[in-house]
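This briefing concerns the fold of one chain and the interface it forms with a second chain. Please consult the sequence and structure shown here alongside the text.

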Amino acid sequence: MNRPIHSFAAFATLAGSLSLAACSSVPPPTEQLAVSRAAVDSAQSAGAGEFAAADLAQARQKLERAQAAMRSEDYVVARRLAEEAAVDAQFAQARAGSARARAAAAQVDESIRALRTETERAPTAAPAPTTPR
Amino acid sequence: MNNTKFVQVIVAAAAFATLGLTACQSVVPEHSALAEARAALNTATSDPNVARTAAVELQQAREALARADAAWARDQNIDEARNLGYIARQRVAVANEVAARKLAEERVQKADAERERVRAEARTREAQVAQQSAATAQQQAAQAQSQAQVARAQADSESERARRLAAELQQLEAKQTARGMVVTLGDVLFDTGQAELRSGAMRSIERLATVLREHKDRRVLIEGFTDSVGSDSSNLDLSDRRANAVRGALVAQGVSPNQIDARAYGKAHPVASNDNAAGRQANRRVEIVFSDASGRVVTR
């Protein structure tokens with residue numbers, strides 16, 4: 001009889017509706033948002049506000065948009081934005097660290113140059129420069 | 001009859017759909033976001049500094065890219081690809097920044113050692129200079145000391161010699177005058193009107209000679225005088241002959257002629273009145289004027 005083919009059609013429809021239902025079963029990314037918020041705070045305390053201000057601002061903006069998406073229950077978008085905010089914050093922190101270290105290295109290079117000139121000119125007086133720590 | 005046709009269409013559609021799915025998987029190109037992330041990761045991996053100092057961060061970037069690749073192979077979702085590709089690219093950027101920071105920190109550490117080295121060099125140079133100047137100062141001080149010693153010894157011996165000379169001249173009955181020490185040889189040492197020294201004069205001559213031989217820095221001026229009796233020319237002549245007689249006697253005793261000058265004054269510069277015999281005798285004399293320690297004699 002025609003019963004097996006009817007079953008197939010029914011199955012196809014069920015499968016279709018299941019895939020649609022899959023979108024609405026994405027959980028809200030609350031844990032990711034918490035991680036991202038922590039990453040932004042960490043970057044802030046590491047001085048990213050001073051040495052990588054633009055990068056930190058971008059992280060904050062994405063975090064706000066993620067929170068807005070959460071409120072609209074757009075959880076897929078919220079998770080994506082939160083993940084990007086987290087990695088942006090990590091980048092801002094890393095950039096702040098390298099900017100500081102590079103400034104210190106430049107300062108130290110300069111102080112050695114000055115020290116060398118000083119000691120070669122007047123061997124009797126060599127003032128001790130302050131070391132940035 | 002209609003049911004069969006309907007079912008056939010459905011089956012055909014399903015078959016097509018499945019085929020289409022499998023065909024898409026091998027034909028759809030990589031999303032540009034993933035390609036960019038991959039290129040950035042390759043560059044970072046081939047940089048030896050990044051590989052050395054940011055290995056952990058590089059690994060995280062690799063994992064992020066793998067996740068992006070897997071998602072793309074599975075769904076070809078453009079939004080997902082953009083998102084995961086971006087994340088992978090940012091992780092590479094983090095690795096690069098971490099490497100830059102560590103490199104700068106290494107430079108700072110090396111710089112501390114470098115600064116110490118420069119300072120140590122400067123200190124050694126300072127020490128050397130200080131040592132040298134201390135040695136020079138010491139040398140100079142020692143020199144000054146020995147010079148002072150020599151000067152003291154010299155002064156001592158000079159004053160000692162001067163003392164001895166004074167004592168010796170005292171024995172000769174020398175008189176201290178404005179011109180210096182003067183030994184007077186009286187008239188009794190010569191025969192009347194003669195210039196030859198009598199034997200009694202020899203003791204004085206010997207003493208004078210000894211003094212002059214010992215004190216070679218001293219010179220003498222021998223001055224001859226007469227009384228006013230007789231002509232000026234004969235008196236000058238006599239005084240001259242007597243002064244030279246004394247000079248000759250001293251030279252005969254070994255005194256250097258360079259130490260002696262002789263001068264004749266005749267009746268000039270009397271020391272007593274010529275009106276009486278005693279005075280005239282006193283005027284008939286030879287004066288021997290001693291120089292100072294530098295050999296200068298004060299002339300009349």
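The points below treat the interface and then chain A itself.

The model is a predicted one. In this model, chain A and chain B bury about 3100 Å² between them, and chain A is built with five helices and zero strands.

**Extent of the interface**
- Chain A contributes 37 residues to the contact, and chain B contributes 33 residues.
- Carbon and sulfur atoms give 59% of the area buried between chain A and chain B.

**Polar and charged pairs**
- Seven salt bridges are counted between chain A and chain B.
- A salt bridge links A:Arg116 and B:Glu114, with 2.5 Å between the closest N and O atoms.
- Across the interface of chain A and chain B, 13 residue pairs are in polar contact.

**The side of chain A that touches chain B**
- At least two residues of this side come from each of α1 (3–24), α4 (53–71) and α5 (75–121) of chain A.
- The element that gives the most to this side is α5(A), with 25 residues.
- By class, the residues of this side comprise 15 nonpolar, 10 polar and 12 charged.

**Chain A as a whole**
- The order of elements from the N terminus of chain A is α-α-α-α-α.
- Of the 133 residues in chain A, 31% are buried.
- Within chain A, 71% of the contacts between residues at least 6 apart in sequence join residues at least 24 apart.
- Chain A has an accessible surface of about 8000 Å², and carbon and sulfur atoms account for 58% of this surface.

Conventions: Residues numbered from 1 in each chain as written. Chains lettered and ligands numbered in written order. Predicted model: local features only at pLDDT ≥ 70, side-chain atom pairs only at ≥ 80, totals over all residues. Heavy atoms only, no water. Contact = heavy atoms within 4.5 Å. Buried area = accessible area lost by both parts, 1.4 Å probe. Salt bridge = Lys/Arg side-chain N within 4 Å of Asp/Glu carboxyl O. Polar contact = N/O pair within 3.5 Å; in protein donor to acceptor, adjacent residues only side chain to side chain. Helix = DSSP H or I, 4+ residues; strand = E, 2+ residues; numbered from the N terminus. Nonpolar A, V, L, I, M, F, W, Y, C, P; charged D, E, K, R; others polar. Buried < 20%, exposed > 50% of the residue type's maximum accessible area, 1.4 Å probe, protein only. Areas by Shrake-Rupley, 256 points an atom, 1.4 Å probe, with all protein chains shown as cover.
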